[in-house]
Amino acid sequence: MRIVGLILVVFCFSLAGFWMTDTLSRRVRLLEQGRLAVQKIRYELLLTKAASLRVLQMTQHQGQGIQGFQTIGRCIALSSHMPFPDAWRQAVTETLGALSESEREIFERVGEILGSSDLHHQEEGLLLCEAQLGDCITCAKEKLRTHGRLYNGLGVLTGLMVAVILI
């Protein structure tokens, strides 16, 4: 019975390490889907020259590759009873909680850019957001590469250390 308990301890600590690595992986995927969504919003804006909400609806309708990015759908739902910029800001807050504050600010800026000025300035602003998200993705991937192995190893080793101490 004691051996089963020790194996369970090692298993639990290992799972904690794997969970931390998975959290980093999900963050990278969310950032990549977000950048793709901003890119699709920019393309849709340039092609249709439509209003902000209509651009989001068309982007969501054609949303290949951004199914995990729920901000657009949430913003569309919130826009029925609040102004677009407020709906976008609230949607970012609700759906992108796994990201850091600075990363969420980039996405909030997208809502401020859409519909705020002429088409050329909106395009430039969205391109800047895409570039900033690209930098965030590079940093997140590097952290995943370095910390991912660290978390996995530390989880297993900590579990083994606790099991040895308990023996």
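## How do two helices line up?

Are α5 and α6 roughly parallel or roughly antiparallel to each other? They are roughly antiparallel (an angle over 145 degrees; under 35 counts as roughly parallel, 65 to 115 as roughly perpendicular and the rest as oblique). The axes of α5 and helix α6 (residues 119–166) come within 10 Å and cross at roughly 170 degrees. Here an axis is a line fitted to C-alpha atoms, for helices over the stretch in contact, and angles run from 0 to 180 degrees between N-to-C directions. Helices are DSSP runs (H or I, at least four residues), numbered from the N terminus.

Before we go on, a word on the model: it is predicted, local features need pLDDT of at least 70, side-chain atom pairs count only at pLDDT 80 or more, and totals for chains, interfaces and linings use all residues. Residues are numbered from 1 along each chain as its sequence is written, and side-chain values use heavy atoms, with hydrogens and water left out.

## Where α5 meets α6

α5 passes α6 in a left-handed crossing, meaning that the near helix is turned anticlockwise from the far one by less than a right angle. On the α5 side, the contact (heavy atoms within 4.5 Å) includes Phe107 and Val110. Among the α6 residues that take part are Gln122, Leu126 and Cys129. The residues of this contact divide into 8 nonpolar, 3 polar and 2 charged.

Let's look at Gln122, found in helix α6. Gln122 is buried (under 20% relative accessible area), with a value of 7%. Leaving aside neighbours within four places in sequence, Gln122 is in contact with Leu45, Ile113, Leu114, Gly115, Ser116 and Ser117.

## Where α1 meets α5

Helix α1 (residues 2–48) and helix α5 (residues 101–113) have axes that come within 12 Å and cross at roughly 20 degrees. That makes α1 roughly parallel to α5. Their crossing is left-handed. Arg27, Leu31, Gly34, Arg35 and Val38 in α1 meet Glu103, Phe107 and Val110 in α5.

In soluble globular proteins, nonpolar side chains tend to be buried together.

Terms used:
Nonpolar A, V, L, I, M, F, W, Y, C, P; charged D, E, K, R; others polar. Buried < 20%, exposed > 50% of the residue type's maximum accessible area, 1.4 Å probe, protein only.
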